[in-house]
Amino acid sequence: MAKKQILNASNVDPNKILPMKYPWAREHYKNGVANNWVPEEVSMQLDVELWKKTGQGALSDDERRMILYNLGFFSTAESLTANNIVLAIYRHITNPECRQYLLRQAYEEAIHTDTFIYSCDTLNLDPDEIYNMHLTIPSIKEKDDFVMNFTQSVFDPTFSTEGLQNIQRFVHDLVGYYVIIEGIFFYAGFAMMLSLLRQNKMVGVGEQFQFILRDETVHLAFGTDLINTIVEENPDIWTEPFKKDLMGKIEKGVDLEIKYAYDALPKGIMGLTPESIEDYLRYIADRRLERINLPTLYNAKKNPFPWMSEIMDIRKEKNFFETRVNEYRTGGQLDWDDDQK
Ligand code: FE
Ligand code: MN
């Protein structure tokens with residue numbers, strides 16, 4: 001009988017999900033379902049008023065710049081990750097419980113794409129400006145160009161995961177999608193938008209970013225379990241030069257994200273400086289490296305934004321008379337891995 005493994009298990013029936021071999025895939029699926037949401041559930045009324053406001057109590061130019069940069073980056077990055085899952089990853093992962101999760105993740109990316117359509121519509125932003133920022137803003141373009149290095153398996157229809165070098169290539173791309181894009185490139189934006197939410201500004205967009213952050217935490221957890229399982233099943237791929245290559249790519253990703261943070265927020269806003277975001281990015285990068293069993297790069301042991309972890313732990317429960325998420329989870333439905341924070 002064919003061995004049930006993640007890659008190159010061509011004799012395994014992709015439609016026979018039970019019995020399951022990888023319970024983690026099922027768990028991430030259920031965590032995704034527990035965070036189910038759609039952008040229209042979140043009122044944009046206060047955001048629209050604040051966005052239009054001039055004079056006393058209006059957003060500062062720095063705050064506006066920071067908001068536009070993040071809408072610009074995320075609006076296209078979300079569909080980029082959706083395309084990667086559907087076109088590059090799904091084809092090579094035949095295990096049914098992993099595929100069930102990938103379908104869930106693709107749906108969540110569609111929800112995220114919808115969030116930025118909703119924001120553009122309600123705030124009456126110029127869609128050409130927002131959706132072209134990945135071309136017109138160099139610090140965003142550099143991030144996008146960098147991730148295009150991780151798409152060999154998308155653009156080459158003959159690519160297969162047979163053989164050591166191809167498995168390395170595939171794992172390299174998975175590290176690009178899950179660890180660098182979803183685990184690092186989204187995090188300066190999360191810190192900026194959620195810091196604004198803490199000041200009670202742009203609370204609708206902030207709440208949507210909060211939901212996205214919780215989804216992305218699960219995507220990252222699935223991605224790292226997937227990577228670690230492939231490495232476990234193919235231990236020969238985990239050579240010193242390969243590990244060095246991955247670490248170099250992660251380091252480059254951190255550099256680009258730091259550059260983006262300084263560009264989006266050159267002077268800082270209340271409670272948030274670009275220097276503190278830089279520290280935060282080094283801290284999370286070290287956690288991501290540990291999660292896939294690589295040595296840390298920055299010796300960053302202290303989280304400068306402990307409130308980010310609190311935000312991930314708050315259960316989605318909304319009081320309909322307020323726009324803030326204000327109830328804490330009571331059950332154990334959502335159990336976020338500590339090392340993902
Ligand atoms: Fe997403
Ligand atoms: Mn994602």
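A: A lining can be read by asking which elements supply its residues; in this predicted model, helix H3 gives the most to the lining of the second largest cavity, with 4 residues. Helix H3 (61-89) and helix H9 (164-185) each supply at least two residues of that lining.

Q: Which residues line the second largest cavity, and how many are nonpolar, polar and charged?
A: The lining consists of Thr81, Asn84, Ile85, Ile89, Gln105, Tyr177, Tyr178 and Glu182, which divide by class into 4 nonpolar, 3 polar and 1 charged residues. The space in this cavity is about 40 Å³, and the structure holds 5 cavities of 30 Å³ or more.

Q: Turning to the metal site, which residues coordinate the iron ion (ligand 1)?
A: One begins with the donor atoms: Glu78 (OE), Glu109 (OE), His112 (ND1) and Glu216 (OE) coordinate the iron ion (ligand 1) at 1.9 to 2.2 Å, and in sequence these donor residues follow the spacing E-x30-E-x2-H-x103-E.

Q: Why is the site of the iron ion (ligand 1) irregular?
A: Four donors count as tetrahedral only if all angles lie between 85 and 135 degrees; the angles among the 4 donor atoms here run from 86 to 140 degrees, so the site is classed as irregular.

Q: Where do glutamate 109 and histidine 112 lie, and is glutamate 109 buried or exposed?
A: Both lie in helix H4 (residues 96-123), 3 residues apart, which is about one turn of the helix. Glutamate 109 counts as buried because its relative accessibility is 0%, and histidine 112 is likewise buried, with a relative accessible area of 0%. Glutamate 109 also bridges the iron ion (ligand 1) and the manganese ion (ligand 2), which lie 3.2 Å apart.

Terms used: Residues numbered from 1 in each chain as written. Chains lettered and ligands numbered in written order. Predicted model: local features only at pLDDT ≥ 70, side-chain atom pairs only at ≥ 80, totals over all residues. Heavy atoms only, no water. Donors = N, O, S within 2.8 Å, 3.2 Å for Na, K, Ca; no water. Tetrahedral: all angles 85-135°; square planar, octahedral: opposite > 155°, others 65-115°. Buried < 20%, exposed > 50% of the residue type's maximum accessible area, 1.4 Å probe, protein only. 1 Å grid on protein atoms, 1.4 Å probe; cavity = no way out; pocket = protein on both sides within 12 Å on 5 of 7 lines; lining within 4 Å. Points joined across faces, edges and corners; volume = space filled by probe spheres on them. Nonpolar A, V, L, I, M, F, W, Y, C, P; charged D, E, K, R; others polar.
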